[in-house]
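Student: I would like to go through this model with you, taking a few places in turn. Could we begin once it is on the screen?

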Amino acid sequence: MLDITTVAFAHHKGGTGKTTSCLNIAGYLQKNGKRVLVVDCDPQANATAGLGINPETLNVSMYDVFMSAFEGFPDIVINDVIVPTTSGIDLAPATLDLVGVEPYLYSIDDRAGLLKEALTRVRDTYDFILIDTPPSMGQFVINGLVAADHTIVTLDPGTFALKGMEALSTVFCDIREMLGENVTADFAILTRWKGSDGRAAGAGGLALFLKRIFSPGPSAEDEKEGERLKMFESEVRKAFKQVFMVPYSPAIYETQQHGLPISHYAPETDAGREYRTITTALLELDGKRNEDVSL
Ligand SMILES: Nc1ncnc2c1ncn2[C@@H]1O[C@H](COP(=O)(O)OP(=O)(O)OP(=O)(O)O)[C@@H](O)[C@H]1O
Ligand SMILES: [Mg+2]
């Protein structure tokens, strides 16, 4: 088994929790003593900002790494663009310029493997490389999936499970057929999950007790939504080896504003605990659990 593990976060729909999951799992891996690199492959640069780096201050970024494959562009390797962040996680940042890369990529045959190739230079430096991808079916997602040992698919309660998965499965199949790379989704994370009974998963304690006493019973609409979520959850469970539910939590937004993962800012929240559980599962999947260090 190789020492390094590369994980891509993917879903073509916007706002399903790819960046949030990438950063928070990176945070718990870092807290576990792992050397972690986050690679931002999304021109929106949310992972970059989420780790406290302002993309506008950067001279070089993943744009330059991709463009160095083309004649007339400076020879910049991934090591040249990596920056340390306050959390202890290293970052290969993105800027809006990344939008300009995709048209170039279509002009070369080996476009799908550029990121995988670029990452070979840092294989000895990190234990985990986590790749954040944009909400599209484009070349950055394909590059992320090809480079990854594991893929984590994120879904939110507004996603239509089957339709969403059909499109993603098509990309996985195409990659398998065209490139001979085996891409499978190991985990699904349901983010901002309210649970099939309409409650935030993981929420409990006094607040829930009081809410239950004082709130009227569920409306017909709540029950219908609950049924929809239940079906959604069971479809997702059929499609993935492991499924995790991260509850809605205001702490998620706050941590992003502070440029830190939840592991470093608000670990004792429901969402923090769930991301810790997911990280433990990832370490176990990979046989890399370090029993000496508590997450
Ligand atoms: N568990 C959660 N509780 C509360 N808010 C959340 C939770 N997970 C994600 N969010 C919020 O939802 C929004 C979308 O999340 P995120 O940016 O991670 O999605 P994404 O899939 O990366 O989006 P995009 O497709 O645009 O890259 C963000 O504002 C984030 O703060
Ligand atoms: Mg994102």
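Student: In which segment is the place of aspartate 286?

Tutor: This is a predicted model, in which local features need pLDDT of at least 70, side-chain atom pairs count only at pLDDT 80 or more, and totals for chains, interfaces and linings use all residues. Residues are numbered from 1 along each chain as its sequence is written, while chains are lettered from A and ligands numbered from 1 in the order in which they are written. Helices are DSSP runs of H or I with at least four residues, strands are runs of E with at least two, and both are numbered from the N terminus. On that numbering, aspartate 286 belongs to the segment after H13.

Student: Does aspartate 286 count as buried, partly exposed or exposed?

Tutor: A residue is buried if 20 or more other C-beta atoms, placed from the backbone, lie within 10 Å of its own, exposed if 12 or fewer do, and partly exposed in between. Because aspartate 286 has 18 C-beta neighbours inside 10 Å, it counts as partly exposed.

Student: What distance separates the C-alpha atoms of aspartate 286 and aspartate 149?

Tutor: Along the chain, aspartate 286 and aspartate 149 are 137 residues apart.

Student: At what angle do helix H1 and helix H13 pack?

Tutor: Two packed helices are described by the angle between their axes and the distance between the axes. Here axes are lines fitted to C-alpha atoms, for helices over the stretch in contact, and angles run from 0 to 180 degrees between N-to-C directions. For H1 (residues 18-31) and H13 (residues 270-285), the axes are 9 Å apart and the angle is about 70 degrees.

Student: Why is H1 described as roughly perpendicular to H13?

Tutor: Angles under 35 degrees count as roughly parallel, over 145 as roughly antiparallel, 65 to 115 as roughly perpendicular and the rest as oblique. The angle between H1 and H13 is about 70 degrees, and that makes the pair roughly perpendicular.

Student: Is alanine 45 buried or exposed?

Tutor: Alanine 45 sits in the loop between strand S2 (36-40) and helix H2 (46-50), and its phi is positive, about 55 degrees, although it is not a glycine. Because 24 other C-beta atoms lie within 10 Å, alanine 45 is buried.

Student: What is the phi of arginine 192?

Tutor: Arginine 192 is found in strand S7, and with 22 other C-beta atoms within 10 Å it is buried. Although arginine 192 is not a glycine, its phi is positive, at about 50 degrees.
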